[in-house]
Amino acid sequence: MLDLTISATAHGLNYLPQYLADHLGLFADRELKVIATAKDPWTGVLDDLASGAADIALGGLWVPGMYWGTSRELTVITQVNHQFPKALVTRERSEGFSWADLTGRTVLAPGIGGSAPYAFTAGLIREAGVDPAGITFLRDLSTPMFVELFEAGLGDAIVLDSTTAQVMQDKGTGVTAIDYTEAGGIGPNSVYYCRTDRVEELSDRLVRFTAALGEAMRRLRTTGLAELEPLLTAHWPGIPAPTLLRACDRIKRSRTWETSRIDAAATDRWMRILKQEGMIRSVPPFAELVDTSIADAAELATADR
(Lines give C-alpha, C1' and ligand atoms only; values in the text may rest on other atoms or scores of the structure.)
Protein backbone atom coordinates (compact mmCIF):
# COMPACT_ATOMS: atom_id res chain seq x y z
CA MET A 1 0.00 0.00 0.00
CA LEU A 2 1.38 3.38 -1.06
CA ASP A 3 0.71 6.55 0.94
CA LEU A 4 -0.40 9.86 -0.59
CA THR A 5 -0.78 12.85 1.73
CA ILE A 6 -3.03 15.77 0.81
CA SER A 7 -3.03 19.20 2.40
CA ALA A 8 -6.34 20.89 1.56
CA THR A 9 -7.38 24.52 1.78
CA ALA A 10 -10.81 23.54 3.13
CA HIS A 11 -13.22 20.70 3.87
CA GLY A 12 -16.12 21.43 1.57
CA LEU A 13 -18.97 19.75 -0.26
CA ASN A 14 -17.38 20.62 -3.59
CA TYR A 15 -14.61 18.12 -2.71
CA LEU A 16 -17.15 15.28 -2.41
CA PRO A 17 -15.63 13.05 -5.16
CA GLN A 18 -12.47 12.66 -3.07
CA TYR A 19 -14.44 11.77 0.05
CA LEU A 20 -16.62 9.35 -1.90
CA ALA A 21 -13.59 7.65 -3.44
CA ASP A 22 -12.20 7.06 0.03
CA HIS A 23 -15.59 5.94 1.38
CA LEU A 24 -16.07 3.41 -1.42
CA GLY A 25 -12.55 2.05 -1.12
CA LEU A 26 -11.58 3.20 -4.62
CA PHE A 27 -8.15 4.34 -3.39
CA ALA A 28 -7.61 1.11 -1.48
CA ASP A 29 -8.60 -0.88 -4.58
CA ARG A 30 -5.56 0.68 -6.25
CA GLU A 31 -3.26 -0.04 -3.31
CA LEU A 32 -3.28 3.61 -2.27
CA LYS A 33 -3.81 5.07 1.20
CA VAL A 34 -4.88 8.72 1.09
CA ILE A 35 -4.34 10.87 4.16
CA ALA A 36 -6.01 14.28 3.84
CA THR A 37 -5.90 17.26 6.21
CA ALA A 38 -7.67 20.62 5.94
CA LYS A 39 -5.44 23.54 6.91
CA ASP A 40 -6.39 26.64 8.88
CA PRO A 41 -5.17 29.06 7.72
CA TRP A 42 -5.32 27.64 4.23
CA THR A 43 -1.86 28.94 3.32
CA GLY A 44 -0.51 26.07 5.40
CA VAL A 45 -0.83 23.91 2.29
CA LEU A 46 2.15 25.75 0.82
CA ASP A 47 4.20 25.15 3.96
CA ASP A 48 3.28 21.46 3.85
CA LEU A 49 4.37 21.15 0.22
CA ALA A 50 7.63 22.95 0.94
CA SER A 51 8.48 20.79 3.96
CA GLY A 52 7.33 17.54 2.40
CA ALA A 53 4.64 17.06 5.05
CA ALA A 54 2.19 16.78 2.14
CA ASP A 55 2.68 15.28 -1.28
CA ILE A 56 -0.02 17.32 -2.99
CA ALA A 57 -2.23 20.29 -2.20
CA LEU A 58 -5.93 20.72 -2.92
CA GLY A 59 -7.16 24.22 -3.60
CA GLY A 60 -7.72 26.92 -6.18
CA LEU A 61 -5.94 26.93 -9.54
CA TRP A 62 -5.24 30.62 -8.99
CA VAL A 63 -2.51 29.73 -6.47
CA PRO A 64 -0.23 27.84 -8.91
CA GLY A 65 -1.14 30.51 -11.46
CA MET A 66 0.15 33.29 -9.21
CA TYR A 67 3.35 31.40 -8.42
CA TRP A 68 4.09 30.50 -12.03
CA GLY A 69 7.45 31.90 -13.05
CA THR A 70 8.68 32.27 -9.45
CA SER A 71 11.09 30.20 -7.39
CA ARG A 72 8.15 28.25 -5.88
CA GLU A 73 7.56 25.87 -8.77
CA LEU A 74 4.18 24.12 -8.68
CA THR A 75 2.61 21.72 -11.16
CA VAL A 76 -1.13 21.09 -11.44
CA ILE A 77 -2.10 17.43 -11.84
CA THR A 78 -5.88 17.03 -11.89
CA GLN A 79 -9.09 18.70 -10.72
CA VAL A 80 -12.03 17.92 -8.49
CA ASN A 81 -14.21 20.80 -9.77
CA HIS A 82 -14.94 21.40 -13.46
CA GLN A 83 -17.03 24.47 -12.55
CA PHE A 84 -17.18 27.13 -9.85
CA PRO A 85 -19.91 25.95 -7.44
CA LYS A 86 -20.70 29.37 -6.06
CA ALA A 87 -23.69 31.68 -5.94
CA LEU A 88 -24.54 35.34 -5.69
CA VAL A 89 -27.10 35.64 -2.91
CA THR A 90 -29.48 38.57 -2.44
CA ARG A 91 -32.10 39.20 0.22
CA GLU A 92 -35.11 38.99 -2.02
CA ARG A 93 -35.86 37.20 -5.25
CA SER A 94 -35.83 39.42 -8.34
CA GLU A 95 -36.98 38.01 -11.68
CA GLY A 96 -34.50 38.59 -14.46
CA PHE A 97 -31.73 39.65 -12.10
CA SER A 98 -28.48 40.39 -13.95
CA TRP A 99 -24.96 41.56 -13.14
CA ALA A 100 -25.92 45.08 -14.25
CA ASP A 101 -28.32 45.23 -11.30
CA LEU A 102 -25.29 45.35 -8.99
CA THR A 103 -24.12 48.72 -10.31
CA GLY A 104 -24.16 51.19 -7.45
CA ARG A 105 -24.64 48.36 -4.97
CA THR A 106 -22.40 46.77 -2.30
CA VAL A 107 -21.32 43.13 -2.63
CA LEU A 108 -19.68 41.12 0.14
CA ALA A 109 -16.98 38.82 -1.25
CA PRO A 110 -15.40 36.65 1.49
CA GLY A 111 -11.66 36.52 1.04
CA ILE A 112 -10.02 35.00 4.10
CA GLY A 113 -9.76 31.76 2.11
CA GLY A 114 -8.35 33.51 -0.95
CA SER A 115 -9.26 36.03 -3.62
CA ALA A 116 -11.01 33.68 -6.06
CA PRO A 117 -14.63 34.47 -5.04
CA TYR A 118 -14.10 38.14 -5.81
CA ALA A 119 -11.84 37.66 -8.86
CA PHE A 120 -14.13 35.20 -10.65
CA THR A 121 -17.18 37.34 -9.87
CA ALA A 122 -15.45 40.41 -11.31
CA GLY A 123 -14.50 38.37 -14.37
CA LEU A 124 -18.09 37.28 -14.98
CA ILE A 125 -19.25 40.87 -14.54
CA ARG A 126 -16.76 42.09 -17.17
CA GLU A 127 -17.75 39.29 -19.57
CA ALA A 128 -21.35 40.52 -19.23
CA GLY A 129 -20.25 43.98 -20.37
CA VAL A 130 -20.58 45.58 -16.95
CA ASP A 131 -17.78 47.55 -15.29
CA PRO A 132 -17.08 46.11 -11.81
CA ALA A 133 -15.62 49.49 -10.84
CA GLY A 134 -19.21 50.68 -10.50
CA ILE A 135 -19.81 48.14 -7.73
CA THR A 136 -18.51 48.40 -4.16
CA PHE A 137 -16.87 45.14 -3.06
CA LEU A 138 -16.15 44.43 0.59
CA ARG A 139 -13.46 41.77 0.84
CA ASP A 140 -10.92 39.94 3.01
CA LEU A 141 -13.20 38.78 5.83
CA SER A 142 -14.34 35.22 6.54
CA THR A 143 -17.54 33.70 5.17
CA PRO A 144 -19.19 33.26 8.62
CA MET A 145 -18.45 36.89 9.53
CA PHE A 146 -19.79 38.26 6.24
CA VAL A 147 -22.88 36.03 6.44
CA GLU A 148 -23.62 37.33 9.93
CA LEU A 149 -23.16 40.92 8.79
CA PHE A 150 -25.23 40.41 5.65
CA GLU A 151 -28.07 38.94 7.69
CA ALA A 152 -27.77 41.99 9.96
CA GLY A 153 -28.24 44.31 6.99
CA LEU A 154 -24.79 44.98 5.53
CA GLY A 155 -24.51 45.02 1.73
CA ASP A 156 -26.91 44.17 -1.06
CA ALA A 157 -25.50 40.80 -2.16
CA ILE A 158 -22.94 38.22 -1.04
CA VAL A 159 -20.77 35.71 -2.92
CA LEU A 160 -21.02 32.25 -1.33
CA ASP A 161 -20.23 28.60 -1.83
CA SER A 162 -23.23 26.49 -2.81
CA THR A 163 -23.65 24.96 0.64
CA THR A 164 -23.72 28.26 2.53
CA ALA A 165 -26.05 29.72 -0.09
CA GLN A 166 -28.42 26.80 0.50
CA VAL A 167 -28.20 27.26 4.27
CA MET A 168 -29.25 30.90 3.93
CA GLN A 169 -32.02 30.04 1.50
CA ASP A 170 -33.41 27.40 3.86
CA LYS A 171 -33.23 29.89 6.76
CA GLY A 172 -35.05 32.48 4.68
CA THR A 173 -32.26 35.05 4.96
CA GLY A 174 -31.27 35.04 1.29
CA VAL A 175 -31.99 33.70 -2.17
CA THR A 176 -29.69 32.63 -4.98
CA ALA A 177 -29.88 35.38 -7.60
CA ILE A 178 -27.15 33.95 -9.86
CA ASP A 179 -25.88 30.36 -9.81
CA TYR A 180 -22.30 30.39 -11.08
CA THR A 181 -22.59 26.84 -12.44
CA GLU A 182 -25.31 28.17 -14.76
CA ALA A 183 -23.88 31.60 -15.52
CA GLY A 184 -20.16 30.94 -15.31
CA GLY A 185 -19.52 28.09 -17.72
CA ILE A 186 -16.77 25.58 -17.03
CA GLY A 187 -13.53 26.26 -15.22
CA PRO A 188 -11.02 24.41 -13.02
CA ASN A 189 -12.07 25.76 -9.64
CA SER A 190 -10.39 23.30 -7.25
CA VAL A 191 -7.33 21.35 -8.37
CA TYR A 192 -4.55 19.16 -7.03
CA TYR A 193 -0.99 20.40 -7.38
CA CYS A 194 2.46 19.47 -6.13
CA ARG A 195 6.02 20.68 -6.19
CA THR A 196 7.33 20.41 -9.73
CA ASP A 197 10.46 18.63 -8.55
CA ARG A 198 8.32 15.81 -7.09
CA VAL A 199 6.10 15.02 -10.09
CA GLU A 200 8.27 12.15 -11.34
CA GLU A 201 8.68 10.69 -7.84
CA LEU A 202 4.91 10.79 -7.19
CA SER A 203 3.71 9.90 -10.70
CA ASP A 204 2.62 6.32 -9.93
CA ARG A 205 0.65 7.40 -6.86
CA LEU A 206 -0.83 10.36 -8.73
CA VAL A 207 -2.03 8.12 -11.55
CA ARG A 208 -3.75 5.80 -9.07
CA PHE A 209 -5.29 8.75 -7.25
CA THR A 210 -6.56 10.39 -10.45
CA ALA A 211 -8.04 7.13 -11.71
CA ALA A 212 -9.92 6.62 -8.43
CA LEU A 213 -11.12 10.23 -8.42
CA GLY A 214 -12.46 9.85 -11.96
CA GLU A 215 -14.29 6.68 -11.02
CA ALA A 216 -15.84 8.42 -8.01
CA MET A 217 -17.13 11.16 -10.30
CA ARG A 218 -18.68 8.58 -12.62
CA ARG A 219 -20.36 6.86 -9.68
CA LEU A 220 -21.70 10.15 -8.35
CA ARG A 221 -23.76 10.55 -11.51
CA THR A 222 -25.75 7.41 -10.75
CA THR A 223 -25.75 7.50 -6.95
CA GLY A 224 -28.97 8.78 -5.41
CA LEU A 225 -29.10 11.41 -2.70
CA ALA A 226 -30.51 8.95 -0.17
CA GLU A 227 -27.46 6.75 -0.65
CA LEU A 228 -25.15 9.74 -0.22
CA GLU A 229 -26.87 11.07 2.89
CA PRO A 230 -24.87 9.04 5.48
CA LEU A 231 -21.58 10.21 3.95
CA LEU A 232 -22.74 13.83 3.83
CA THR A 233 -23.98 13.93 7.41
CA ALA A 234 -20.80 12.22 8.63
CA HIS A 235 -18.65 14.92 7.04
CA TRP A 236 -20.85 17.91 7.92
CA PRO A 237 -22.85 16.99 11.04
CA GLY A 238 -23.52 20.62 11.88
CA ILE A 239 -25.60 21.25 8.75
CA PRO A 240 -29.20 19.94 8.58
CA ALA A 241 -29.43 16.89 6.32
CA PRO A 242 -32.18 18.37 4.07
CA THR A 243 -29.98 21.41 3.42
CA LEU A 244 -26.97 19.23 2.62
CA LEU A 245 -29.01 17.11 0.23
CA ARG A 246 -30.39 20.14 -1.59
CA ALA A 247 -26.90 21.66 -1.94
CA CYS A 248 -25.50 18.34 -3.13
CA ASP A 249 -28.30 17.91 -5.63
CA ARG A 250 -27.64 21.37 -7.09
CA ILE A 251 -23.97 20.55 -7.63
CA LYS A 252 -24.76 17.06 -8.95
CA ARG A 253 -27.03 18.57 -11.60
CA SER A 254 -24.25 20.88 -12.76
CA ARG A 255 -21.00 19.94 -14.52
CA THR A 256 -18.88 20.50 -11.40
CA TRP A 257 -18.08 16.82 -10.94
CA GLU A 258 -18.08 15.92 -14.63
CA THR A 259 -14.39 15.13 -15.15
CA SER A 260 -11.01 15.15 -13.43
CA ARG A 261 -9.32 16.25 -16.67
CA ILE A 262 -8.52 19.96 -16.71
CA ASP A 263 -9.79 21.90 -19.71
CA ALA A 264 -7.12 24.01 -21.44
CA ALA A 265 -9.43 26.72 -22.80
CA ALA A 266 -11.20 27.10 -19.44
CA THR A 267 -7.84 27.36 -17.71
CA ASP A 268 -6.69 30.08 -20.10
CA ARG A 269 -9.93 31.98 -19.48
CA TRP A 270 -9.45 31.82 -15.70
CA MET A 271 -5.87 33.00 -16.04
CA ARG A 272 -7.01 35.92 -18.23
CA ILE A 273 -9.49 36.92 -15.52
CA LEU A 274 -6.68 36.85 -12.96
CA LYS A 275 -4.52 38.94 -15.29
CA GLN A 276 -7.30 41.53 -15.55
CA GLU A 277 -7.33 41.71 -11.77
CA GLY A 278 -3.55 42.16 -11.64
CA MET A 279 -3.18 38.94 -9.68
CA ILE A 280 -0.71 37.48 -12.17
CA ARG A 281 1.94 39.27 -14.24
CA SER A 282 1.34 37.23 -17.38
CA VAL A 283 -0.88 34.33 -18.44
CA PRO A 284 1.05 31.07 -18.00
CA PRO A 285 0.96 28.66 -20.94
CA PHE A 286 -1.33 25.75 -20.14
CA ALA A 287 1.41 23.19 -20.84
CA GLU A 288 3.68 24.87 -18.27
CA LEU A 289 1.00 25.05 -15.60
CA VAL A 290 -0.71 21.67 -15.99
CA ASP A 291 0.88 18.24 -16.50
CA THR A 292 -1.69 16.25 -18.47
CA SER A 293 0.39 13.07 -18.55
CA ILE A 294 -1.08 11.96 -15.21
CA ALA A 295 -4.66 12.22 -16.52
CA ASP A 296 -3.62 10.42 -19.72
CA ALA A 297 -2.09 7.54 -17.75
CA ALA A 298 -5.08 7.39 -15.39
CA GLU A 299 -7.47 6.99 -18.32
CA LEU A 300 -5.32 4.17 -19.74
CA ALA A 301 -5.19 2.47 -16.35
CA THR A 302 -8.98 2.71 -16.05
CA ALA A 303 -9.46 1.24 -19.53
CA ASP A 304 -7.23 -1.71 -18.61
CA ARG A 305 -9.15 -2.61 -15.44
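1. Basis. Because the model is predicted, local features need pLDDT of at least 70 and side-chain atom pairs count only at pLDDT 80 or more, while totals for chains, interfaces and linings use all residues. Residues are numbered from 1 along each chain as its sequence is written, and side-chain values use heavy atoms, with hydrogens and water left out.

2. Largest core. A nonpolar core is a set of buried Ala, Val, Leu, Ile, Met, Phe, Trp, Tyr and Cys residues joined through side-chain atoms within 4.5 Å; buried means under 20% relative accessible area, exposed over 50%, and partly exposed in between (1.4 Å probe, protein chains only). The largest nonpolar core has 43 residues, and Leu88, Trp99, Leu102, Tyr193 and Trp270 touch the most other members. Helix α4 (residues 116-127) gives the most to this core, seven residues. Helices (H or I, at least four residues) and strands (E, at least two) are DSSP runs, numbered from the N terminus.

3. Leu88 and the second core. Leaving aside residues up to four places away in sequence, Leu88 touches, among others, Phe97, Trp99, Leu102, Val107 and Tyr180; contact means heavy atoms within 4.5 Å. A second, separate core of 42 residues includes Leu58, Leu206, Trp236 and Ile251.

4. Helix α10. The expected span of a helix is 1.5 Å times one less than its number of residues. For the twelve residues of α10 (residues 241-252) this gives 16 Å, and the end C-alpha atoms are 16 Å apart, which agrees. Its buried residues are Ala241, Thr243, Leu244, Leu245, Ala247, Cys248 and Ile251. They pack against α1 (16-23), α6 (162-171) and α9 (225-235).

5. Helix α11. The 13 residues of α11 (residues 264-276) should span 18 Å, and the end C-alpha atoms are 18 Å apart, in agreement. Buried here are Ala266, Thr267, Arg269, Trp270, Met271, Ile273 and Leu274. Their cover includes α3 (62-67), α4 and α12 (286-289).

6. Ser254. This residue is in the loop between α10 and α11. Ser254 counts as buried because its relative accessibility is 17%. Ser254 and His82 are 172 residues apart in sequence, but 9.3 Å apart in space, C-alpha to C-alpha. Beyond residues up to four places away in sequence, Ser254 touches Gln83 and Thr181.

7. Largest pocket. On a 1 Å grid over the protein atoms alone, a cavity is a set of points where a 1.4 Å probe fits but cannot get out, and a pocket is an open set with protein on both sides within 12 Å along at least five of seven lines; lining residues have an atom within 4 Å of a point. Grid points are joined across faces, edges and corners, and a volume is the space filled by probe spheres set on the points. The largest pocket has a volume of about 1,100 Å³. Of its 41 lining residues, Thr9, Ala10, Gly113, Thr143 and Asp161 lie nearest the centre. The largest share of the lining, four residues, comes from α6.

8. Second largest pocket. Its volume is about 260 Å³. Arg93, Ser94, Thr176, Ala177 and Ile178 are the closest to its centre among the 15 lining residues. Strand β9 (residues 175-179) gives the most to this lining, five residues.

9. Cavity. The search of the whole structure finds one cavity of 30 Å³ or more. The largest cavity has a volume of about 40 Å³, and is lined by Ala87, Ser162, Ala165, Gln166, Thr176, Asp179 and Arg250.
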